[in-house]
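Hi everyone, thanks for coming. Let me put the picture up, and then we'll walk through a few spots together.

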Amino acid sequence: MKEIADGFANRFPLIYSLVTERRKLTLMLFAVAFMVITYGYFALLLITADGLFVSLGPMIGGDFIVFRTAAEAVGTPKMVSIYQMDNLAAMLRYAYPGHGDMMVGWQYPPTMYLVVSPFALVPFVAAYCLWLGAFGTLFVSTLRTITADRSALILALGSPAVLQAVITGQTGLLTASLIACSGAFATSRPLLAGVAAGILTVKPQFGLLIPIAFVAAGCWRAFAVAAVTGVALVVASVGAFGLAPWLAFFEAVTAHGDRLGAMSGFPLEKLMTPFGGARVLGASSSIAAGVQLAATIAMAGYVAVVWRQVKAFDLRLAALATASVLATPYGFYYEMVILVPPMLLIALRASKDGWLKGEQLSLIIVWVGALLTPGARDFPAFPTSFAVTLLAFAIAARRTLQPQALHLASSAPRAI
């Protein structure tokens, strides 16, 4: 093998250099090229759109229409009615006739109305741009607390997972930022970590493990601030909107749980969770629910062990973020951007301490894998979204459960 490598190096020195000692530059250039091509094409679709619909058929901003509709409903009886999917579908058909049913739903707690309400103040496209601008800025700021390495930031921002969050108009950039802040600052800046964890209650399924992490590490101030922030948001929403939206929310959650179990027409391939993975592989709803329960318990135990024994913030964050997406049955591929900060941290740690066997290839597969999600069309019997998530968790677990991880000095991220 060495003779073959040496022969290749002598014959193609530039190529050999780009895939060996200059591999980082190659990956960065690939990420830049990916961003230029994909975002350039996305911009072209927006420019050539017919009204609010692009030439390929979907609406500008994808699922952002749900948040925009909810924002417009604030202060009206529609705040309650849109929790029923039939009502929301009828509202969208009336507002955008001739475009069929938009298979979307509103299952967020009423505290989310506090977040989305400002996005009703400007026209739709401007609101979508502000949505991306606000949460994109938050995401970039969060990444910059992790590293000042520009090439690492480019690789992260050029990830297909970020692209998925952008083109779907979903909450991935916000969710990823809040989880990352909760994990990174729990010890060094508990007020910031607690506020981030409290705000994450607008997407409660992704915050299941945060209290366990805080308790295991003895981060009591962060825990208290998170509890106060979460309660304050609930009180504010009740004061602003009354109890009716909360009652509608709990009814919607129950109804959606029934749909998740029945799976009639449900896009299983879009789920990146153990439940979704088991269902795509052909398991019944009851078996998939059992798989998910086991996974949730395992993730809770894993996070408790890591946060109790490991002091380095990067490994704690990697454990929390990757486990959080496996601890819930309800997580879609467009939230895969949650994996970007932990994978970046693992790469930075490996660059400092040395790479584990196969680690670089695994990280590249996760990076590229997000582009293949949700994957039903090309791989109808393979849970692509879940496979990518599971691989990311395996990469993080391999690092965090190493004996050496117990002896790493406690560290803090850069000031935000």
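So, at what angle do helix H4 and helix H8 pack? Before I answer, a word on the source: this is a predicted model, where local features need pLDDT of at least 70 and side-chain atom pairs count only at pLDDT 80 or more, while totals for chains, interfaces and linings use all residues. Residues are numbered from 1 along each chain as its sequence is written, and side-chain values use heavy atoms, with hydrogens and water left out.

Okay, the answer: H4 (residues 64-73) and H8 (residues 124-146) pack at about 110 degrees, with axes 11 Å apart. Axes here are lines fitted to C-alpha atoms over the stretch in contact, and angles run from 0 to 180 degrees between N-to-C directions. That makes H4 roughly perpendicular to H8, a label for angles of 65 to 115 degrees. Helices, by the way, are DSSP runs (H or I, at least four residues), numbered from the N terminus.

Who meets whom? On the H4 side we have Phe 64, Ile 65, Phe 67 and Arg 68, and they meet Phe 124, Ala 127, Tyr 128 and Trp 131 in H8. Contact means heavy atoms within 4.5 Å.

Now look at Phe 119, in the loop between helix H7 (111-116) and H8. Phe 119 is buried, at 10% relative accessible area; buried means under 20%, exposed over 50%, partly exposed in between, with a 1.4 Å probe and protein chains only. Leaving out residues up to four places away in sequence, Phe 119 touches Phe 64, Arg 68, Ala 71, Ala 127, Leu 130 and Trp 131. Take Ala 71: 48 residues from Phe 119 in sequence, yet 6.2 Å away in space, C-alpha to C-alpha.

Next stop, helix H12 (residues 190-199). Its buried residues are Pro 190, Ala 193, Gly 194, Ala 196, Ala 197 and Gly 198, and they pack against helices H11 (172-184), H13 (210-217) and H14 (220-241).

H14 also holds Trp 220 and Phe 223, three residues apart, about one turn of the helix. Their ring centres are 6.2 Å apart and the planes sit at 70 degrees, so the pair is edge-to-face (centres within 6.5 Å, planes over 60 degrees apart). Trp 220 is exposed at 53%, while Phe 223 is partly exposed at 32%.

Zooming out, the protein chain has 21 helices and zero strands, and 50% of its 416 residues count as buried.

Methods:
Helix = DSSP H or I, 4+ residues; strand = E, 2+ residues; numbered from the N terminus. Parallel < 35°, antiparallel > 145°, perpendicular 65-115°, else oblique. Phe/Tyr/Trp six-rings, centres within 6.5 Å; stacked < 30°, edge-to-face > 60°.
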